[in-house]
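Please open the model in a viewer and keep the selection panel at hand. The stops below follow one another in order.

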Amino acid sequence: MDLITKYFPELTSRQQEQFAAMEPLYEDWNSKINLISRKDMANFYEHHVLHSLAIAKVQPFKGMAEILDVGTGGGFPGVPLAIMFPDARFHLVDSIGKKIKVVQDVTERLDLRNCRAEQTRAEQIKGEYDFVVSRAVTTLSEFTGWVHGKISPVHYHKLRNGILYLKGGDLSVELAPFKKKVQTWDISEWFDDEWFDTKKVIYLPWK
């Protein structure tokens, strides 16, 4: 929790309580379902919560914004972002039922009323969203195909509506098809922990 309050000192007491409650909830679920490796669980706030919140550094979500988290897994980046932006609305989806069961339980216990979790594939989702977020579920080219037609043409954030994607490593080949459309931010610009040195937020605006 010290990492979260270090980089986000403006959190309300309610948000701090929700973030603090996350680790024991995930530890309990992780003992039943292998969501996070035991080694990684020791770095829960750094590798999962703070990593998810890098998106908040790029684009704070306004009230009533509609956000879709595709391939949410255990609820990342959607759950930390839903805590950070309680007035935005989050739809977390994954094709694996046992993972969605965890997310549903976690969001209920955290009293995240702005967050719903559903077992489905991205291609089956109806409706439009301001932003689609995700954490390295596939290549960006494949991902854009999954979410085609699901991003609203009505823009009211600083960034145009689009995809905000968390990924690491050398992305030059993967991003080449998007040329000048895509923007990237090094997460190490905001978080000085060594683990973030190769991690990025990728932004792809949608026309």
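Predicted model: local features only at pLDDT ≥ 70, side-chain atom pairs only at ≥ 80, totals over all residues.

Residues are numbered from 1 along each chain as its sequence is written, and side-chain values use heavy atoms, with hydrogens and water left out.

**The sheet.** Select the seven strands, which form an open sheet of mixed pairing in the order β3-β2-β1-β4-β5-β7-β6. Strands (E, at least two residues) and helices (H or I, at least four) are DSSP runs numbered from the N terminus, and two strands pair if DSSP finds at least two bridges between them. β3 (115-119) and β6 (183-186) are at the edges with a single partner strand each, so one side of each has no neighbour in the sheet. Next, select β1 (residues 66-70) and β4 (residues 131-135), parallel strands joined by three bridges. Isoleucine 67 stands opposite phenylalanine 131 in β4.

**The helices.** Select α4 (residues 44-58), which lies across β4, β5 (162-168), β6 and β7 (199-205) and runs at about 140 degrees to β5. Angles run from 0 to 180 degrees between N-to-C directions, with axes fitted to C-alpha atoms, for helices over the stretch in contact (heavy atoms within 4.5 Å). Then select α6 (residues 97-109), which lies across β2 (89-94) and β3, at about 165 degrees to β3.
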